[in-house]
Amino acid sequence: MQVKIDTREKFHVITIQEPHIAANMTEQMDKVLLTLLDDNVKNVIINIQDTKIIDIAAAEHLVELQHKFYDVNASFVVCGLQPELKKMLSNADILDLLNYTPTESEAMDIVQMEEIERELGEI
């Protein structure tokens, strides 16, 4: 699986550079994403703007990964969904389970807001 990782102060932007995310790529997703939970910067933005098709099993795995991140107080936001992919995920009742935004900029805003919420919760 081809990915580009851009690390910022509060989050990593993982751009998946694949037109099709297949079910057999979930192990590779785990290798890339779960290792970030051991990092000081745990928040992740998944940009799938290059993806046209995602297998249902792979989409469900993204939801599972999202839960793993939130379980350890780390943000997980998906962005860049193409209209056909968004429709497919909606039809499969997966879209509403994902924390997603149209753009990477909006995803960054969500991560920043969630970080503030976590900091306020510690007071």
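The largest nonpolar core of this predicted model comprises 29 residues, and L33, I46, F76 and L89 have the most contacts inside it. Such a core is a set of buried Ala, Val, Leu, Ile, Met, Phe, Trp, Tyr and Cys residues joined through side-chain atoms within 4.5 Å, where buried means under 20% relative accessible area, exposed over 50% and partly exposed in between (1.4 Å probe, protein chains only). At least two residues of this core come from each of β2, α1 (26-33), β4, α2, β6 and α3 (83-91). The largest share, six residues, is supplied by α2.

Because the model is predicted, local features need pLDDT of at least 70 and side-chain atom pairs count only at pLDDT 80 or more, whereas totals for chains, interfaces and linings use all residues. Residues are numbered from 1 along each chain as its sequence is written, and side-chain values use heavy atoms, with hydrogens and water left out.

**Overall architecture**
- The protein has four helices and seven strands; helices (H or I, at least four residues) and strands (E, at least two) are DSSP runs, numbered from the N terminus.
- From the N terminus on, the order of elements is β-β-β-α-β-β-α-β-α-β-α.
- The radius of gyration, taken over C-alpha atoms, is 14 Å. This is close to the 14 Å that the globule rule (2.2 Å times the number of residues to the power 0.38) gives for 123 residues, so the protein is as compact as a globular protein of that length.
- Buried residues account for 45% of the 123 residues.

**Sheet and helix packing**
- Five strands form an open sheet in the order β1-β2-β4-β6-β7, with mixed pairing; two strands pair if DSSP finds at least two bridges between them.
- The edge strands, each pairing on one side only, are β1 (3-7) and β7 (100-101).
- Strands β2 (residues 11-16) and β4 (residues 43-47) pair in the parallel sense over five bridges, and H12 has V44 in β4 as its bridge partner.
- Helix α2 (residues 56-71) lies across β4 and β6 (76-79), at about 145° to β6. Axes are lines fitted to C-alpha atoms, for helices over the stretch in contact (heavy atoms within 4.5 Å), and angles run from 0 to 180 degrees between N-to-C directions.

- Beyond its neighbours within four places in sequence, L89 is in contact with I54, A59, L81, I94, L95 and L98.
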